[in-house]
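Visitor: I am new to reading protein models. Could you take me through the features one at a time?

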Amino acid sequence: MTVDIRVIRAGQMYRYYLRETVVGDGRRPARTPLRVAQEQAGVPVGRWMGRGLAALGLAQGEEVTEAQLRNLFGERGRHPDADRIEAERLAAGDSPKKAYRAGALGRRVTVTGVDFVFRPQPTIYLLWAFGDEETRLVIEAAHERAIERVLEWIEDEVAVIRYGKDGIYRVRPPGGLVAARFRHYEARSGRPLLHDHLLLSVKGQRLDGKWGSVHTLALYENTVAASALYNELVAAEVCEALGLATEPRIVTPGRRPVMEIAGVPHELIRWTARRSDQIAACLAELEHEYVTAVDDDGEPRFLPVVSERARAKMNQIAARKTRPPKRKTQPLAQLRAWWKVSAILTSKVAADVINSLLEHARAAAAAIRARVAAVVDVALAAVDVTATVFVMNDGGRFHRRHLLAEARRHLALVLLGRRRDPGLDDQVVAAAISTHCLDITEPKTVRGLEAGYRLYTARWALSDLPARRRPPTPAPGPDRQPPADPGEPPAHQPPGQGAGEWEIPRIPLQYERAVLAGAMLREQLRATTATAVRGRAYDVVAHQQAAMPEQLLAPEPADPEHDDQEPKTGRGEAIDLTALRALRKSRTDVEALDLTADRLRRLQEVATKMADDSRVRSDRAQADASAVHPTRPVRPDGQQAHHPQEPGPHRGREAGH
């Protein structure tokens, strides 16, 4: 994710933000005014954001002062200008107690806000770091507008104020929320990392004019959807303004691809990932300790495999153990000059590529735009989104926010950096819920009746999806060595491990299974009900080429009269991977696809089996339909029109939908 969230509490946590975060993650000298410290650190001043500013008498983009921060986040949720209000009331003759209450925003709270950290994809902030001044300003403007859009979405659809006994009543803050935004330029390692801290106050005004507290759990639950929306918005605006395109890149095998700007070498991303390498090395040591830990009786303390939950916790421990001290901040112009020199000397990327990085990215974008037409089919997108969410969530139970986050990821994958129509993500979610999901909500509280908290599952069972293949783990041998890709550094080997003990068994990831499940369901949809459920007459082949470049449809059967012509993409008996192998050899897509020969072979086997099964089902369906409905009209392509029936209230899982 590129959006993180952390709770801000009055007291020590607030003092940490006032001492370090507001001055570019540096160390604010004691007794130094905030504005002076920000000028010394070379970072811009904080700015107010949110529609709730009008109720407080503040303006959008107004500078954030130290006193305002202290009142809103440090004094348990008071008015940012509480000092002025209290002084005016005292001058008017009010008692000190009444004057103090005049500056309060409802009840005092311990959790005064949340800190959202927004950072663009690595390839975007690399262009920001190495590009000219115009490129830098374009990226920063897109970054700011994406944050504004995400904040508006939180205000309109996420934030709720609880009130009444046990918080039984919930209402959206009609006047919006209040947030303070602070910009940072670098990571702890000193490498470029454009990111903003959005300190969002939990105080919101209800319809009756009273001030209440925003439910922070709702903010946590929608962080993934907020991150997907931010990624989509910032990439689309940057690509449109600079003439670029995005492409999927596999960062971790088995996990979902990451959308990055095409044409930016992956070696530059590795150059910025010094912290990632340190965390990975420490994580390997922790995993070895985990699987070899024994109790006092010599029995294993944990399972001999590392689950994803255990690995996530160990990753947090590794991040804390390898966390370096904060560096002294420097002006942005000096940082950009140092970054370019350091990248030329240490990143193993040619100097002319770094100096003309934007031109390389534009050339790669032109090749992608010429090859792939970004087409969105809402019906097929609903299949992909539902299958992925169903498989990725344990037990196949999910909420609307899971579908929304996956829909935004899917649109980013399909559109490759192009803008989408407003509300298209909601259309995909609505199609997924109405067509492929069952409402299994059994509300025990009032919250369970809300649309955002209704519980869904898919109209198919896990047994209907392709089984996840677990590769056998060979027994360690004395001559066994860890695999290494050509040109990649050898994997870190924890101390104390002998030969053959380097590999830590892990529970396989689920994303690859989710991709295969979506492909199988798309094939079923294309062979049976595609023409009936698709809301717009888009070509299925173009959609699948845009959404999953590695899963091309099969070619048309060869025509004896046109054997010398190039095969066209379409339906057939087998999948043609010639174009895919050619793409692997191209400079533009070798990093995006990152497919091994074994994965190509596996994809070909899966696609061939899917095509054969689909053809058999289609032939059987046509034969049955001809016998039952001899007068049913025939379409121009030779297939009979299909009119699916609406499933009844109890036809979902049993009917195989």
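Visitor: Which residues does Met-259 touch, not counting residues up to four places away in sequence?

Guide: Contact means heavy atoms within 4.5 Å. By that rule, and leaving out residues up to four places away in sequence, Met-259 touches Gln-121, Thr-246, Glu-247, Pro-248, Ala-412, Leu-413 and Leu-416. Keep in mind that this is a predicted model: local features need pLDDT of at least 70, side-chain atom pairs count only at pLDDT 80 or more, and totals for chains, interfaces and linings use all residues. Residues are numbered from 1 along each chain as its sequence is written, and side-chain values use heavy atoms, with hydrogens and water left out.

Visitor: Where is Met-259 placed?

Guide: Helices (H or I, at least four residues) and strands (E, at least two) are DSSP runs, numbered from the N terminus. Met-259 sits in strand S11 (residues 258–261). Asn-231 is 28 residues from Met-259 in sequence, yet their C-alpha atoms are 8.6 Å apart in space.

Visitor: Is Met-259 buried or exposed?

Guide: Met-259 has 14%, so Met-259 is buried. Ser-342 also counts as buried, because its relative accessibility is 11%. Ser-342 belongs to helix H14 (residues 332–346). Beyond residues up to four places away in sequence, Ser-342 touches Arg-191, Trp-271 and Ser-347.

Visitor: What do the totals say about the protein chain?

Guide: The protein chain has 25 helices and 13 strands. Of its 657 residues, 47% are buried. Take contacts between residues at least 6 apart in sequence: 68% of them join residues at least 24 apart. The chain exposes about 33400 Å², and carbon and sulfur atoms supply 52% of that. Such areas come from the Shrake-Rupley method with a 1.4 Å probe; for residues, only the protein chains shown count as cover.

Visitor: How many aromatic pairs are there?

Guide: A pair of aromatic rings is described by the distance of the centres and the angle of the planes. Rings of Phe, Tyr and Trp (its six-membered ring) pair if their centres lie within 6.5 Å; planes under 30 degrees apart count as stacked, over 60 as edge-to-face and the rest as tilted. The count by this rule is 6 aromatic pairs. In one of them, Phe-130 and Trp-271 are tilted, at 5.9 Å centre to centre with 40° between the planes. This pair links distant parts of the chain: Phe-130 is in helix H7 (residues 122–130) and Trp-271 in helix H11 (residues 266–272), 141 residues apart. Both Phe-130 and Trp-271 are buried. Elsewhere, ring pairs link Phe-116, Phe-118 and Tyr-230 into a cluster.

Visitor: Which residue lies over the face of Tyr-163?

Guide: A charge sits over a ring if NZ of Lys or CZ of Arg is within 6 Å of the ring centre and within 35 degrees of the ring normal. Arg-206 lies over the face of Tyr-163, 4.3 Å from the ring centre. Arg-408 lies over the face of Trp-153, at 4.5 Å from the ring centre. Tyr-163 itself is in strand S4 (residues 161–163). Its relative accessible area is 31%, so Tyr-163 is partly exposed.

Visitor: How many salt bridges does the structure hold?

Guide: Side chains of opposite charge can pair when their charged atoms come close. A salt bridge is a side-chain nitrogen of Lys or Arg within 4 Å of a carboxyl oxygen of Asp or Glu. The structure holds 30 salt bridges. One of them joins Glu-63 and Arg-35 (3.0 Å, N to O). Glu-63 lies in the loop between helix H3 (53–56) and helix H4 (66–74) and Arg-35 in helix H2 (residues 34–41), so the pair ties together parts that are 28 residues apart in sequence.

Visitor: What is the relative accessible area of Asp-425?

Guide: Asp-425 has 3%, so Asp-425 is buried. Its salt-bridge partner is Arg-420 (3.3 Å, N to O). Arg-420 is buried too, with 19%.

Key
Buried means under 20% relative accessible area, exposed over 50%, partly exposed in between (1.4 Å probe, protein chains only).
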